[in-house]
Amino acid sequence: MQITEVAKHLTRITRNRVLTTKTRMTSIAEACGFSRQTVSKTLDGDDMPVSLFLAAMQESGGDPAQMLHDAEVEAGKAACHA
């Protein structure tokens, strides 16, 4: 798994977490300093700034360190199978 694929994967997981926990986009926006529209658009995209990732994890009750670790493990597994 390449770095761009890892970024896409993390963005999708973050978006899914925000949606399933019903976290408000405005609370994420306030925590990271972006507009609500930017947060929403970014979560629908393929990449996000670290500050938005951390704010989304904090506001949705996630563990950003664990998510990064899980993504690293997944990337390692994908590299072994390639």
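Mentor: Helices (H or I, at least four residues) are DSSP runs, as are strands (E, at least two), and they are numbered from the N terminus. With that in hand, α1 and α4 each supply at least two residues of the lining of the largest pocket. This is a predicted model, in which local features need pLDDT of at least 70 and side-chain atom pairs count only at pLDDT 80 or more, while totals for chains, interfaces and linings use all residues. Residues are numbered from 1 along each chain as its sequence is written, and side-chain values use heavy atoms, with hydrogens and water left out.

The lining consists of A7, L10, T11, D47, M48, V50, F53, L54 and L68, and by class it has 7 nonpolar, 1 polar and 1 charged residues (Ala, Val, Leu, Ile, Met, Phe, Trp, Tyr, Cys and Pro count as nonpolar, Asp, Glu, Lys and Arg as charged, and the others, Gly among them, as polar).

Among these lining residues is T11, which has its place in helix α1, residues 3-20. T11 is buried, with a relative accessible area of 1%, where buried means under 20% relative accessible area, taken with a 1.4 Å probe on protein chains only. Leaving aside its neighbours within four places in sequence, T11 is in contact (heavy atoms within 4.5 Å) with T42, L43, G45, D46, D47 and M48.

Turning to helix α4, which covers residues 50-60, its buried residues are L52, F53, A55, A56, M57 and S60, and F53 also belongs to the pocket lining. Just after α4, G61 takes a positive phi of about 80°.

Methods. Buried < 20%, exposed > 50% of the residue type's maximum accessible area, 1.4 Å probe, protein only. 1 Å grid on protein atoms, 1.4 Å probe; cavity = no way out; pocket = protein on both sides within 12 Å on 5 of 7 lines; lining within 4 Å.
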